[in-house]
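Let's take a friendly walk through this structure together. Have the sequence and the 3D view at hand as you read.

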Amino acid sequence: MRTFTIRYSLAALTAALPLALVPLSASAAAPGTHRSDRPAWTGTWEAAAAGTVAELPGKTVRNVIHTSVGGRAARVRVSNRLGTAPLDLGAVTVAVQEPGAPKSPEAVAGSVRTVTFHGAASVGIPAGSDAVSDPVPLRVPADANLLVSLYTPEDSGPATYHRSALQTSFIAPAGDHTADPAGAAYTATTGSWYYLTGVDVLGAPAVGSVVALGDSITDGSGSTASANHRWPDRLADRLGQLPPRRRLGVLNAGIAGNRVLLEGTGPSALDRLDADVLSRSGVRAVILMEGINDIKGTPNQTDPAAFEAAYRQIVARAHARGIRVVGATITPYGGNGGWTAAREAVRQSVDELIRHGGIFDAVVDFDAVVRDPAAPDRILPAYDSGDHLHFNDAGLQAMADAVDLNSLTGKVTR
């Protein structure tokens, strides 16, 4: 088995097509070129590595993912970033899921493609590393589901995964079924994504991508499962209506339980910035909405100055790549079991820093959009999923609608 390594803190691999790498700070270019006269890769989907779970020896997992923009070829990002032993993938395929079947392992006839890595159909990934595939000749539709199937022939140690997918995916309990267009072998289901952390497309009718960096609210907790109603999905719907010269792919780097300052569920936002934002394809902007788990989690973070320092560090690192940063205010959670008056005062102080601290290129005031005017420390009841922290589909739509699309493109402001 061929071994192939990419350290997750480095920029993503340039695959074996004659593509040019160009600085992200250059002026806007024609759709699908990203400031070059050659076709470019655009991120269409992402799941941030959130933790590990028991390995899947001898099994095939068929991950169901949803694209934001389409293209004429794909490449797949797989990860052993949080693993402790070398990961052996015996086979990987990508296919288009049958339309209208969000809970089906069935592929569109003729769409299954073998994914290779440096020409090999199998790949070994050392612990702590990621791998990016060769280009896969597949016409990828926008706003559609793909099936990315991975076979692990033996015990490779703890599996890097994204726990809260809010999407039904599938497992074939025995053998390599990556090439099966039919779903008969996939007799088990899972609510997580295994090993898969991204899909890029080539020549998208878009000018790049935007990353949503956040916690469970960005991850979609509270939304309808297998329906793609997370606020980044709804943002992708809005961006998809724009002309190609303004369109962006949307990458969801939310992790339920994640923190800015400390490790929580998954590495902190500061620690995962390279892997989940800066190394992604064609990134023009990031929307940062993190901090609630620092405020209400254990140990509580109570110093607004610590948040400001972290936010400024994220902005500086993004600006060094020519990436704009939109700061999002932290939303209310009064009535939730983690709420106290002291923590509310910290949230209010941090939100004022986000709004008026001059930290970000632009601000989206999610707090103002979703709070109850009669009780500003609480979510508007019409938007509350029921736990007084997360949002239902209507609340997530309101958040997506609040993003100024013009704030996502252009040069950085400082």
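Pro299 sits in the loop between helix H4 (292–296) and H5; helices here are DSSP runs of H or I with at least four residues, strands are runs of E with at least two, and both are numbered from the N terminus. The peptide bond joining Thr298 and Pro299 is cis, with omega of about 0°. Most peptide bonds are trans, and most residues other than glycine have a negative phi.

Before going on, a word on what you are looking at. This is a predicted model, in which local features need pLDDT of at least 70 and side-chain atom pairs count only at pLDDT 80 or more, while totals for chains, interfaces and linings use all residues. Residues are numbered from 1 along each chain as its sequence is written, and side-chain values use heavy atoms, leaving out hydrogens and water. The predictor's confidence in each residue, pLDDT, runs from 0 to 100; the protein chain averages 92, and 91% of its residues score at least 70. Over residues 1–29, however, pLDDT stays under 50. Where pLDDT is low, the predicted coordinates should not be read in detail.

Now step back to the whole chain. Its secondary structure comes to eight helices and 23 strands. Of its 414 residues, 59% count as buried, meaning under 20% relative accessible area, with exposed being over 50% and partly exposed in between (1.4 Å probe, protein chains only).

Helix H3 (residues 269–278) shows what burial looks like: nine of its ten residues are buried, so the helix is largely enclosed by the rest of the structure. Among these buried residues are Arg272, Asp274 and Asp276, along with Leu270 and Leu273. The cover over them includes strand S2 (41–46), strand S17 (209–214), strand S18 (249–254), strand S19 (283–289) and helix H5 (304–319).

Leu166, in the loop between strand S12 (159–162) and strand S13 (169–172), has a positive phi of about 55° although it is not a glycine. Tyr195 also is not a glycine, and its phi is positive at about 65°. You will find Tyr195 in the loop between strand S15 (193–194) and strand S16 (196–202), buried with a relative accessible area of 2%.

Finally, find Asp367 in helix H7 (residues 366–370). Asp367 counts as buried because its relative accessibility is 1%. Beyond its neighbours within four places in sequence, Asp367 is in contact with residues including Arg347, Asp351 and Arg355, where contact means heavy atoms within 4.5 Å.
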